[in-house]
Structures are given as C-alpha cells and as structure tokens.
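Work through these exercises with the model open beside you. Each task comes with a solution in short steps.

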Amino acid sequence: MRADVPSDWVEGWRALVERPDPQVARRLHQGRAFQYAGRVSDLRIAVGIASARVQDDRATPVPVEVVVPALDDEAWATVIDALAGQVRHTARLLAGHAPDSLDAELEHTGVRVFPVRNELVLSCDCADDVWPCAHGAALWEALAERIAEDPFTLLRLRGRGRERLLGELADARRRRAHGERSSGVAIADLDTARWTRARAGLDGVWVGEPDRPRSPAGPLRLLGDPPGWAGGMDAWGLLHPLVQGAATWAEHLGDLGPDPEDA
C-alpha cells in the first residue's frame, strides 16, 4: 500500500491538517476543544463542501467551510466497479467502517476516494493566517467524528450520497450477475453428484473473524427508513435500542456457560 493511502479514514482525515509546527498544533488543540465543548453548530455536508459555525469568545459564531473536490462520473464509475467487485467493501460500509484498502485497489486507475491536502480549500472569516485556524480545526474534528460514525460522509463529500451510491452498487452487481449467468454452465452439463459433496476437504479453509461494527445498529442509520415508513419516530430511533440490547445479550451468551439441562 502506498504511504499516502490511509488505512483508516478517520485518522487519515485528521492527518491531512497535521503538521510539525507549534502554531498548527495549538490551533488543532483549540479546534478540538471547541468541538468537545459543543461549540460547533449548523454542520452541513453536501457534495464537494462542508460548513459549520464555531462559537469562540465572540458574540457571533464564526462561519467556516472546506471545499473537497468531488469526483466526476467517470471516476465514480471506476470506484463503484471496485466496490461492487468485493462484497466486503459494502459490508464494511454498512457496519460503519471505511472500505478496507479501497484506494490501494484503485491505485492503478489513477482514481482515489481519499483526498490529498493540496485539493482542499479551507475558508474562514477570522483573520488568522495560520492554516488551519482554530475554527477550521473545529470543523475538521467535527467532520472526523461524523466520518467515524458514518463513512458515507466522506463519500458524499466526494460526490455520492448514501442512497445514490447503494443504488448504483446494486445496479453494478446485477450487471455482474447477469454477465456471469450468461457465460455459465449449461444445465445439461451440471454434475448432480457435486450438489451434495464438497470438491475438497474443508480443513484448509480459513475464515477470518470479521471486524466488529462500530454500532450493532449501524445499518439502521445508514439505510434510513424503509419504504412506506410512516411512524411518528424514525426507524433508527425506534429500533436501535432493541438491536443494541440484543447485541449486548448475544455477546454475553458465551459467559453463561452450558445449559444445565444439556449436561
């Protein structure tokens, strides 16, 4: 993997503004303090731009924004093809994780999802000549936390919202499946004996333990309300406590020991 391809989007996002400069370090510390104190408000994320207001010691919050260039449709076609080619990428997204090694897979195409520093334009109304200023650093930390909760945040900045991306991924998989079926084995050539017997022993098959989701109910937030949902509360608000409780109960099943009746 290239050195400039982050293995974790959240840490990579923070690293984009970090520099070995005491003035920068001070601004980053101030910005994180603003975020942790709840002084970042009106956070808005759209294609190619994110903005917020940061309350410092002045009476009026300071507006700040960052421009992150969106990928064009041709680049996104390449990204979607890569995502559709690996089921684990979508599984990680729905579990609240960034797609593992996606940019490394895209390296030969010249397309990258994760931005680089010289692509970014950070604007603030304050007069600070240090980049980033404390307000910009506060916005940066707010975005880092949002990316940690929902990796679709970065994908939206780069040009694809959750619904559109998931729809295009589903279309890409259907096209792939259709192509695979058209070049498959004729029914007359199928060996019925293979339906019930494995071609080889399973001792050498290794299945790794999947990454734990950041939240067991993460897909509820990522997928949104199901079609026709008309409740007074959204699906996430209604169901995520139940999913969280079930996940906690399941995690402790192994601690209960064997059922006495099974002994």
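**Exercise 1. A methionine and its patch**

Task: Classify methionine 233 as buried, partly exposed or exposed, then find the patch that includes it.

Solution. Step 1: Methionine 233 has a relative accessibility of 46% and therefore counts as partly exposed. The cut-offs are under 20% relative accessible area for buried, over 50% for exposed, and partly exposed in between (1.4 Å probe, protein chains only).

Step 1: Methionine 233 sits in the loop between α9 (218-223) and α10. Helices (H or I, at least four residues) and strands (E, at least two) are DSSP runs, numbered from the N terminus.

Step 2: Trp229, Met233, Leu238, Leu239, Leu242 and Val243 make a nonpolar surface patch of about 520 Å². Patches are made of residues with over 30% relative accessible area and no salt bridge; like charges are joined within 9 Å, nonpolar side chains (Val, Leu, Ile, Met, Phe, Trp, Tyr) within 5 Å. Accessible areas come from the Shrake-Rupley method with a 1.4 Å probe; for residues, only the protein chains shown count as cover.

A note on the model: it is predicted, local features need pLDDT of at least 70, side-chain atom pairs count only at pLDDT 80 or more, and totals for chains, interfaces and linings use all residues. Residues are numbered from 1 along each chain as its sequence is written, and side-chain values use heavy atoms, with hydrogens and water left out.

**Exercise 2. The overall plan**

Task: State how many helices and strands the chain has, and give their order.

Solution. Step 1: There are ten helices and four strands. Step 2: Along the sequence the pattern is α-α-β-β-β-α-α-α-β-α-α-α-α-α. Step 3: Of the 263 residues in the chain, 35% are buried.

**Exercise 3. A strand with two faces**

Task: Sort the side chains of β3 by face, then find which strands pair with β3.

Solution. Step 1: In a regular strand the side chains alternate between the two faces of the sheet. Step 2: In β3 (residues 62-67), Val62, Val64 and Val66 point to one face and are buried.

Step 1: Strand β2 (residues 49-54) pairs with β3 in the antiparallel sense over six bridges. Two strands pair if DSSP finds at least two bridges between them. Alanine 50 has valine 66 of β3 as its bridge partner. Step 4: β3 and β4 also pair in the antiparallel sense, over four bridges. Here glutamate 65 stands opposite serine 123 in β4.

**Exercise 4. Salt bridges**

Task: Trace the contact between arginine 88 and glutamate 105.

Solution. Step 1: The two side chains form a salt bridge, 2.9 Å from N to O. The term means a side-chain nitrogen of Lys or Arg within 4 Å of a carboxyl oxygen of Asp or Glu. Step 2: Arginine 88 lies in helix α4 (residues 87-94) and glutamate 105 in helix α5 (residues 102-106), so the pair ties together parts 17 residues apart in sequence. Step 3: The structure holds 14 salt bridges. Glu11, Arg14, Glu18, Arg32 and Glu141 are linked in a network of them.

**Exercise 5. Paired rings**

Task: Find how many aromatic pairs the structure has.

Solution. Step 1: A search of the whole structure gives one. Step 2: Tryptophan 13 and tryptophan 140 are stacked, at 4.2 Å centre to centre and 10 degrees between the planes. Rings of Phe, Tyr and Trp (its six-membered ring) pair if their centres lie within 6.5 Å; planes under 30 degrees apart count as stacked, over 60 as edge-to-face and the rest as tilted. Step 3: Tryptophan 13 is in helix α1 (residues 9-15) and tryptophan 140 in helix α6, 127 residues apart.
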